[in-house]
Amino acid sequence: MLQFPMWKNVAIVLVCLAGLVVAFPNLFYDRVERSNDARASLAAGAAETPELAAEAAGWPEFLPSGLVNLGLDLRGGAHVLVEVQTADVYAERLEGLWPDLRDRLRDLRDQVGTVRRLESAPDELRIRIGEPSGMAAAEEAVRAASQPVISLTGASGRDFEARAEGDVLVITLSEAEKVAIDRRTLDQSLEIIRRRVDETGTREPTIQRQGEDRILVQVPGIGSAEELLAIIGKTARLSFHPVVNRTTDAAATPGLDEVVYPSMDEDGVYYVLERRAVVTGEQLVDSQPTFDQNGLPAVSFRFNPAGGAAFGRYTADNIGKPFAIVLDGEVISAPVIQSHIPGGSGIITGSFTPEDSTRLAILLRAGALPAEIRVLEQRTIGPELGQDSIEAGRRAAVIALAAVGIYMILSYGWFGVVACVALLTNIVLIFALMTAIGATLTMPGIAGLVLTIGMAVDANVLIFERIREELKTARGPARAIQLGFEKAFGSILDANVTTLIVAVILFMLGSGPVKGFAVTLGLGILCSVFTAIYVTQMIIAGWFDWRRPKAITV
Amino acid sequence: MRHLRLVPDVTSIDFMRYTRFWLIVSLVGVIGSIGLLATRGLNLGVDFRGGTLIMAATPEEQPLSVWRDVLGDVGVGEVGVTEISDDTGQGRHMVLIRLGTADMEEGAAPAVDATRAALSQAFPEVQILQVDSVGGKVSGELVRAGFLAVLLSFLGIMVYIWLRFEWQFAIGAVLSLIHDAIVTVGVFSLLQLEFNLTIVAAVLTVVGYSINDTVVVFDRMRENLRKYKKMPLKEVMNLALNETLSRTIMTSLTTLIALFAIYWFSGPVVHGFAFAVIFGVLTGTYSSIYVAGATVLWLGVKRDWSKPDASAGTQFGGAKA
């Protein structure tokens, strides 16, 4: 009656053993981690050095080697949440439409007259035509240029829309195209950020999209969020432009198809440049930090064949004229072309520090972000704090465990000992589950674990209190124990389901560390129900069968 | 060997005697908290307010005025410095530096870099332990998510209790949860402790603990209602409370033991969290009796439990009495 059937006992023991096996590498965290890292880099093709081999051998291969992930707040590192300004790309997309539309309209010159582009808000393109009577033909010609957009929802449309306002043709992007741009921009940004972070060689970075237009980057081990932002925050759009004029007048009015950019190093100096770039960073295939002939830090670059050809042609035709190297709307430098530069490679000089040139080379190599990003949240956790937190958490857990254990044993005697075994099993199982599902342990997560130590005994308390009550009325201790377990079950279930509801909601709505808390709380509830009910009952039933006591005290 | 018993085996405390008095106490607590929130408000952390918070430590104690002087010259706007205790046993002197609600338009990086540089120049051995910068856009969303989390959990619990018990119990349970959440937040307003994301998690933990406690009492009430069909409701409740008293005390104590371990030994990061939950465990235990129990007493319940309620998953009691 009290005893579970054999298969159930075996299952319970197996679950506990499996938990122990999966969880125990966490006791040797450093050793296992170093061994895992060494193995991973060997597998990735790193040269086998004696140190690497020794580290890899630090943990026997036949033993399980899974570990609980430590959250950023325990490991130290940087956390940055950025928003990709996808609207920038809309303007660019419209800008890109103009040459084609202009050509199409000019082909219809006898119907629409002169074609002129008007100044407008960045989210539309306004074109005035000379002959309002030709508007219908103009609209038709423009619409013919639009492309279908294939979207996931299937609700496909054209990529842009045209409407007439008097003699002005207004072009706007369609919603479907905007959605497609958003998705593409975010995907590209994710990819570029990943490449840049990987270039820095930090281990286990997390780069995730969040919501519609956000990217979360977490890099353990990096010194500060500012350092991380220096790498991922820059758009890094490089282009080479012919210089029209050099001026100190910030309000210089550029001519048509010209732009004014400030100099990066010289205060108050501006360059008027042709809007159209000769070559852009997109045509770069490589970039490395280097030094110029004077031994100053510089960045070398190499173009792909098309870019190299364009660059070669331009330098050949414009010897003696300056051209500007522009990065994110600032002129790095504007050297005078000394000679024809064939082969498509060269160096960029400016007033760089060695760190600057290394960073710029990384940025150019990884490519430009398709749009600017804005920082929403940046957090740095120093490595000291992380280590302290782990120590503090461990201490709190041990003290809580000891105190609760002593209290339970004082209150319930032998039954209290059983509850302690259940509690320890519970903690092992929580760690095993976290290791198995790859959950992340955070500081609030540790707090949740310690809290679980306090709350998990509740199920046992409910059972034991019930057994005490039943002892007064029931016939014999066996019956009392059985009734105790049976009757406490409903309360345990209700109490834990309601708490589980809270944990699930916390998990869904919480972010970062709070999510970590929800994970340990939720797993703690699940495991505590298992250990308090099954493990406890199995041990007590086994003990009862063995000792057959005439009377028990709880 | 005699076991430790904090509560005698049989008690007959008349818990439901002064319900009116306790109702007033609860109301004062809730209304007082709302009043505090309206007048004093909360000391919102960077999570909810936006801005930058820097946790720094020096080996020797530096007067706060020195910190302020050093930071006043950085030119990052108004700077607040407060001391915090370091209970991780490292013997460091820690401060929290709050840079004004930095406009994140250009990112907080320049201000943080400037502060870092100024600090390491003034105190060569300074450790920057933690830096948090949150922009206004995100902080607004975090506030909404926090609210939503609390509301959703109330709703989820109410539905569950309603299914498992009766609607009167669901109302009682949710009223007690609202009481606990408001009073806990009220204490943060009263003491002007920093209110951040972790505290929202703490409030939800309190909600989880409180409902746990309430459900155990309700469960016993339901059982007794089936067992003693003629006993007045008030006595049924008193009996249930007395029968579960030992367990209530036991579980609150083990939970409090764990919480004090966190409070004293876990360092400043989860200090506020532990404080909130310690307070909440006390109110949660109180509200299970005097808010949840009293509400059910006041609303009354159906007494005919002879037909097993199909929605109540487990049935026991009755027949075995």
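Modeller: Two strands pair if DSSP finds at least two bridges between them, and strands (E, at least two residues) and helices (H or I, at least four) are DSSP runs, numbered from the N terminus. This is a predicted model, where local features need pLDDT of at least 70, side-chain atom pairs count only at pLDDT 80 or more, and totals for chains, interfaces and linings use all residues. Residues are numbered from 1 along each chain as its sequence is written, while chains are lettered from A and ligands numbered from 1 in the order in which they are written.

Colleague: Which element gives the most to the side of chain A that touches chain B?

Modeller: The contact takes 66 residues from chain A and 67 residues from chain B (a contact is two C-beta atoms, placed from the backbone, within 7 Å). Elements that each supply at least two residues of chain A's side include β20 (373–381), α12 (383–412) and α14 (443–473). With 17 residues, the one that gives the most is α12(A).

Colleague: Is L67(A) buried, exposed or partly exposed?

Modeller: L67(A) sits in the loop between α3 (50–56) and β1 (69–70) of chain A. A residue is buried with 20 or more other C-beta atoms within 10 Å of its own, exposed with 12 or fewer, and partly exposed in between, C-beta atoms being placed from the backbone. L67(A) has 19 such neighbours, so it counts as partly exposed.
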